[in-house]
Amino acid sequence: MRSDRVVVVGAGPAGLEAARLAAELGSPVTLVEKNEVAGGMPIHAHYATLTHHFRSAEGAMREMIDAVTSNELVEIRTGTEITSVSGSVGEFTITVASNGTTEVVEAGAIILATGFQHFDPSRETQQYQYYEFPDVITIVDAEKMLKEENFVTPTTGKPPERVAFIQCVGSRDRQIGNEYCSKVCCGISSKQAIEIRKMVPNARVFIFYIDMRMYGYWENEIYWPAQEEYKVNYVKGIITEILSKNGRLVIRGEDTTMGRPMEIPIDIAILSVGMEPSAGTRTMAKILGLTSNKYGFIETDRDILDTVTTTVPGVYAAGAATGPADLDDSIASAGAAAAKAVSLLRTTAVTV
Amino acid sequence: MGTEVSPKIDPSRVMEHEHYELEGVDISGHWNRMFEQRVIFDYDIEQLDRVTALDGGESMGWCYQCSQCTAVCPVDHVGDYGPRKIYRKLQVGMDFFTSDDLWLCTTCANCLRVCPKEVDMLQIIPAARKEAVLEGAVPSELQEVFEKTARYGNPLGKNPKRRVAWTKGLDVEVPIIADLDRKVDVLWWVSDYPSYHPRGMEASRSLARVLTHLGVDFAILGAEERHDGDSMLRAGEEGLFEMLADQNIETLNKYEFDLLLTTDPHAYNAFLHEYPQRGGTYKVEHYSTYLAERIEELGLSHDVGGRVTFHDPCYLGRQNGVYDEPRALIEALPGVELVEMWRNRQNGYCCGGGGGGMWLDGLAAENQSMRLSEKRVLEAVETGADTLCVVCPYEVSRFEDAVKSTNNDGALVVRDISELLATALGLATN
């Protein structure tokens with residue numbers, strides 16, 4: 001049966017924005033979220049602040065959630081997963097499961113906002129001994145400590161004197177299979193470096209990088225202040241390995257602009273892990289029969305003029321489900337997906 | 001932190017052969033310096049912090065290693081230098097205040113011209129040198145010049161009374177303003193090298209003849225003139241600069257004149273930017289612009305001939321934007337063809353004399369494969385010019401020495417623009 005409903009999958013930033021806009025445009029919306037709580041990665045991964053505005057992640061997500069809960073056209077189903085989809089554009093039949101019970105939702109269009117997961121440094125290679133050395137952490141772990149306002153060396157519980165970010169972990173790597181740049185890690189590391197310097201003023205903070213990719217305003221809003229005001233030390237040259245020497249973590253690599261090897265003792269190494277498609281993104285692609293790229297992200301119309309239309313009519317994708325994206329990208333593509341979905345349903349309603 | 005590893009290079013582990021030749025190339029001294037320890041064991045950021053904490057030193061911490069400065073740093077062409085490298089060396093623990101690197105910069109300003117981050121070596125270098133001066137860590141050759149200047153009022157250590165020696169027996173009159181006891185149109189600030197150096201004196205005599213030919217009502221201060229202090233300030237001797245500036249302002253305030261005419265771009269820079277901050281505000285002009293405004297009046301009629309190339313002084317060009325006027329003068333010389341060196345105007349290559357470089361020849365020799373003046377003379381020779389024209393008194397002697405040391409005697413002569421103008425007017429130039 002034909003439906004004018006839009007089903008949005010995933011209640012992270014992109015899903016919340018798509019749901020909000022589709023409802024604002026007058027379409028009934030069902031927002032399906034497998035977690036019990038909406039808010040997506042910023043909430044579930046305990047982000048302290050958002051890049052690039054340093055805004056509280058919780059505050060921003062609360063605002064987004066409020067915008068959909070206050071709209072009666074939006075029905076939010078948390079703790080709910082999609083198990084199967086049948087039908088086609090204008091008349092999808094979606095089976096959802098929640099607490100062991102299944103239900104059917106009719107929808108005219110689907111917007112996937114199933115997002116990404118952080119690269120796991122244990123995948124394929126035991127990169128940088130993440131699971132061996134407690135003081136080797138990821139930007140996700142660091143973000144959580146920053147949120148708790150307790151940034152300490154895990155093994156000692158004391159504020160670190162020396163912190164080293166290692167960029168491009170799990171990104172730009174043929175061996176790992178993620179050849180793409182994850183786009184946001186340079187900015188997040190620099191943002192965290194500023195926050196660490198504020199929280200632990202005596203800490204020396206280093207960022208070891210291959211290329212700093214601080215596009216757009218991230219350059220002047222994050223990178224320059226990090227170096228100029230917060231005295232974060234950027235060193236070109238990636239760390240090859242982390243070893244333990246006399247009970248101390250030592251990072252080894254080449255300082256490329258000096259052309260010399262380096263072996264620096266550190267308290268905390270923070271792996272700047274990149275983005276990979278989330279399990280939800282992979283599952284939904286399979287359920288809907290969407291084309292994914294070799295990395296598992298959902299393929300959209302490769303024309304750069306359309307970043308949200310997938311290979312299946314009536315199915316759109318927004319946010320990091322289609323590839324590495326920052327928040328600005330996610331909000332923008334969510335808006336585009338909502339507008340296209342609503343517009344499609346109105347057009348088909350008229351022609352039928 | 002990290003007591004188990006030494007952050008410093010142990011000097012006893014530095015290997016350096018006094019004489020060493022590799023595949024026919026002489027790499028004696030520091031060029032063959034090797035360190036047993038190549039590994040960076042620590043980033044001793046305190047050293048960078050010491051510089052960025054200085055008033056004027058903040059921007060040292062802004063470098064993002066784009067390296068545009070290195071390509072235009074005149075010192076890097078003959079050595080291993082540049083703001084980008086200084087930043088990195090500071091990050092790995094160089095003590096800037098005791099390093100030769102502190103003294104190699106000529107404050108030529110070409111790095112700042114191209115720096116996207118506006119890392120301002122013109123502020124950083126004097127600020128850091130000021131610290132070294134306060135700690136007494138100044139290269140002895142420069143320290144001697146500081147002392148001579150403090151004592152005699154000029155870096156050559158000459159008797160102030162001999163400042164007017166160049167006017168003796170001259171075929172035109174060069175009045176001393178104190179003797180005139182009246183207002184003059186132009187007070188000519190002759191400066192030290194044009195007063196004392198044999199080649200400078202010749203240029204001064206030519207300029208006196210040219211000014212007289214123009215009928216300019218001018219006078220000089222004579223023995224009352226002291227070093228303008230600008231280069232002392234760039235070399236870190238702020239106290240000496242202040243003393244000289246205050247003395248000069250007191251002297252200038254005794255007399256009435258419409259225009260202060262400077263021979264030296266460094267003096268021009270000081271009167272334009274530094275003296276007003278100490279209460280000395282004057283209408284000031286460099287002689288090249290003053291004369292360029294009077295090309296018609298000059299009536300240049302005698303054939304000079306030849307190919308002339310022009311060296312832009314850093315403190316006239318990049319620092320104060322004067323490029324066209326000296327060229328207009330050269331182009332007005334009958335029979336002369338102006339040919340440009342490949343680095344000219346905004347990108348002019350420094351002669352090495354600025355920022356105290358004039359008095360750091362020994363240090364430059366230790367750290368550079370050749371003098372900057374020698375590099376520049378080679379560029380001048382490459383143009384096929386027979387004459388290198390200059391408008392800065394630091395340069396006649398520097399370039400003439402460089403012509404000799406690069407075996408270009410006979411291929412290239414160095415002439416102050418006033419000497420060429422005097423020739424074009426049929427006046428004597430000796």
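This is a predicted model: local features need pLDDT of at least 70, side-chain atom pairs count only at pLDDT 80 or more; totals for chains, interfaces and linings use all residues.
Trainee: Why is Lys148(B) called partly exposed?

Mentor: Its relative accessibility is 32%. Buried requires under 20% and exposed over 50%, with partly exposed in between, so Lys148(B) counts as partly exposed at 32%. This residue is found in helix α7 (residues 140–152) of chain B.

Trainee: What makes Lys148(B) part of a patch of positive charge?

Mentor: Lys148(B) gathers on the surface with Lys158(B), Arg162(B) and Lys168(B). Patch residues need over 30% relative accessible area and no salt bridge, and like charges are joined within 9 Å.

Trainee: Why is strand β16 (residues 248–255) of chain A called largely enclosed by the rest of the structure?

Mentor: Buried means under 20% relative accessible area. Six of the eight residues of β16(A) are buried, so the strand is described as largely enclosed.

Trainee: How do you know that β16(A) pairs with strand β15 (residues 239–245) of chain A?

Mentor: Pairing requires at least two bridges. β15(A) and β16(A) have six, in the antiparallel sense, and therefore count as paired. Ile239(A) stands opposite Gly253(A). The two strands form a hairpin with two residues between them, and Asn246(A) in the turn has a positive phi of about 50°.

Trainee: What makes β16(A) and strand β17 (residues 260–266) of chain A a pair?

Mentor: Seven antiparallel bridges join these strands, against a requirement of at least two, so they pair. Asp255(A) stands opposite Arg260(A). Their hairpin has four residues between the strands, and Gly259(A) takes a positive phi near 65°.

Note on methods: Residues are numbered from 1 along each chain as its sequence is written. Chains are lettered from A and ligands numbered from 1 in the order in which they are written. Side-chain values use heavy atoms; hydrogens and water are left out. Patches are made of residues with over 30% relative accessible area and no salt bridge: like charges are joined within 9 Å, nonpolar side chains (Val, Leu, Ile, Met, Phe, Trp, Tyr) within 5 Å. Accessible areas come from the Shrake-Rupley method with a 1.4 Å probe; for residues, only the protein chains shown count as cover. A salt bridge is a side-chain nitrogen of Lys or Arg within 4 Å of a carboxyl oxygen of Asp or Glu. Lys and Arg count as positive and Asp and Glu as negative; His and the chain ends are not counted. The place of a charge is taken as NZ of Lys, CZ of Arg, CG of Asp or CD of Glu. Buried means under 20% relative accessible area, exposed over 50%, partly exposed in between (1.4 Å probe, protein chains only).
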